[in-house]
Amino acid sequence: MRSFRIGGIHPPGNKLSASRPIEMITAPEAVVIPLGQHIGAPAKAVVAKGDKVKVGTLIGKAEGLVSANVHSSVSGTVTKVDNMTDSSGITRPAVYINVEGDEWEADIDRSETIVKECNLSSEEIIKRIETAGIVGMGGATFPTKIKLTPPPGNKAEILIINAVECEPYLTADHSLMIEKGEQIMIGTAILMKSLNVCRAVIGIECNKPDAIDRMTKLSAEYKGIEIMPLKMKYPQGGEKQLIDAVIRRQVKSGALPISVGAVVQNVGTVYAVYEAVQKNKPLIERVITVTGKKVTRPSNFLARIGTPAGTLIDAAGGMPEDTGKLIGGGPMMGRAMINATAPVTKGSSGILIMTKEESVRPPMRDCIRCAKCVEACPMGLEPSLLMNLSEYKVWDDAEKNYIVDCIECGSCSYTCPANRPLLDYIRLGKNVVMGIIRARKQ
């Protein structure tokens, strides 16, 4: 069974919500919908205070080359267009809406009927995806339209669907494959058509045998789509790691997956593409895992974008008494949330509630030069060196040692016996070095 060849670790899965069906969360009384839910420039608000909106109404238009449309996930009245503080404490522009009923735009197909045939051209498919505001839903939130339009001189040879979900605790993608497998197959075929490729591989780690079995049976009816079980290893969900596992090609430093002929899409994105192209439904909701060892009902929820995180936590049984930290995402690549009032977004894959005991970091000790971080790094970097260079602000050397190649997976910190905050320093240094590189190009 395949896996990627450089580095990697094996943290406990803790897939506590794996057997839970997807539950729909009722729209709250009010939502706050950020206009910057994607990599790139925030969308520009096209509504104002007092405007009436429906579910699916465009409220933010993509601004610039790398951007994405934003739509209302509820019907009601816009109360203001103002800044908000996201789950990480960063100020972003947003649209505030009071919910009044649940009226949808008339051109959205809300029926349960599965639509298989797609007679649109490649250009028409990509346009619908762009209009619907689809972004990468594995966490990166890169506008999907851009991935589907390779730069000149590059041609896609294979579409790889990331259904790995290697991050501990999270099960949103797993539940989606179980309940929406047919739609995912159709979405995969649509993406193949948009890229003009004849082969697609859906990579699923072997800790999801029910998903592998279901998707394998469904794939028999779809020409060119293969299900590939993969050995469990973190961070196999990284684009470069998944490409290595599936087609045994290495993406060079600074290069994009298209340089080796691959386009990678998350399985949640594929489902959103199906809904956009076949149902004319913009990206206004997504499946989110709410979990933790002390959570009463670890669950997978279908929630409207803009719903407060606390609403989902209440639906999972409420905040445990000994809660020490909220994590947006999983324990490896997720980020601490400042509170539970922040809204869920297109990139929200999960909410992890950690106990006080789990949240306390062990004391840092001196590096013992064991090189476990080097062995674990899936990008072949030297994390202990990069931490030192970041700590002492030696930015030229940090750049020369490929700090910008770090995918921030946390494998180095996880494996360090001295409890050194390797990723914290590397993330800081990476941001500084990327800023220097951008300034140099201006």
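Mentor: We start with a definition. Two strands count as paired when DSSP finds at least two bridges between them. Keep that cut-off in mind as we go. This model is predicted.

Trainee: Let me try it. How many bridges pair E7 with E8, and in which sense?

Mentor: Nine bridges pair strand E7 (residues 76-85) with E8, in the antiparallel sense. Take one bridge as an example. Met-84 has Arg-92 in E8 as its bridge partner.

Trainee: What do E7 and E8 form together, and how many residues lie between them?

Mentor: They form a hairpin, with five residues between the two strands. Look at the turn. Gly-89 there has a positive phi of about 90°.

Trainee: Which other strand pairs with strand E8 (residues 91-99)?

Mentor: Strand E2 (residues 30-34) does, again antiparallel, over five bridges. Here Pro-34 stands opposite Ala-94 in E8.

Trainee: How should I picture the side chains along a strand?

Mentor: In a regular strand, side chains alternate between the two faces of the sheet. Now let us read whole sheets.

Trainee: What is the strand order in the open sheet of three strands?

Mentor: The order is E3-E5-E6, and the pairing is antiparallel. Strand E3 (44-45) and strand E6 (70-71) are the edges, each pairing on one side only. Strand E5 (residues 58-61) and E6 are joined antiparallel by two bridges. In that pair, Leu-58 stands opposite His-71 of E6.

Trainee: And the open sheet of six strands: what is its order?

Mentor: Read it as E1-E14-E13-E17-E15-E16, with mixed pairing. Its edge strands are strand E1 (22-24) and strand E16 (335-336), and each of these pairs on one side only. Strand E13 (residues 285-291) and strand E14 (residues 299-304) run antiparallel, joined by six bridges. Val-290 has Ser-299 in E14 as its bridge partner.

Trainee: Which helix packs on that sheet, and which strands does the helix touch?

Mentor: Helix H3 (residues 172-195) packs there, touching E1, E13 and E14. The direction of H3 makes about 125° with that of E13.

Trainee: Pick a residue in H3 for me. Is His-174 buried or exposed?

Mentor: His-174 sits in helix H3. The cut-off for buried is under 20% relative accessible area. His-174 has 6%, so it counts as buried. Beyond its neighbours within four places in sequence, His-174 contacts Ala-18, Glu-165, Lys-208, Asp-210 and Ala-211.

Trainee: Now two helices. What is the general idea for residues along one?

Mentor: An α-helix has 3.6 residues a turn, so residues three or four places apart point the same way.

Trainee: At what angle do helix H1 and helix H6 pack?

Mentor: Helix H1 (residues 122-131) and helix H6 (residues 267-279) pack at about 110°, with axes 9 Å apart. Angles from 65 to 115 degrees count as roughly perpendicular. H1 and H6 are therefore roughly perpendicular to each other.

Trainee: Which residues meet there?

Mentor: From H1 come Ile-125, Arg-128 and Ile-129, which meet Val-273, Ala-276 and Val-277 of H6. By class, this contact has five nonpolar residues, no polar ones and one charged.

Trainee: What does Val-277 touch?

Mentor: Leaving out residues up to four places away in sequence, Val-277 touches Cys-118, Leu-120, Ile-125, Arg-128, Ile-129 and Ile-190. Val-277 is buried, at 2% relative accessible area. Val-277 and Ile-126 are 151 residues apart along the chain, but their C-alpha atoms are separated by 8.9 Å.

Key:
Residues are numbered from 1 along each chain as its sequence is written. This is a predicted model: local features need pLDDT of at least 70, side-chain atom pairs count only at pLDDT 80 or more; totals for chains, interfaces and linings use all residues. Side-chain values use heavy atoms; hydrogens and water are left out. Axes are lines fitted to C-alpha atoms, for helices over the stretch in contact, and angles run from 0 to 180 degrees between N-to-C directions. Helices (H or I, at least four residues) and strands (E, at least two) are DSSP runs, numbered from the N terminus. Angles under 35 degrees count as roughly parallel, over 145 as roughly antiparallel, 65 to 115 as roughly perpendicular and the rest as oblique. Contact means heavy atoms within 4.5 Å. Ala, Val, Leu, Ile, Met, Phe, Trp, Tyr, Cys and Pro count as nonpolar, Asp, Glu, Lys and Arg as charged, and the others, Gly among them, as polar. Buried means under 20% relative accessible area, exposed over 50%, partly exposed in between (1.4 Å probe, protein chains only).
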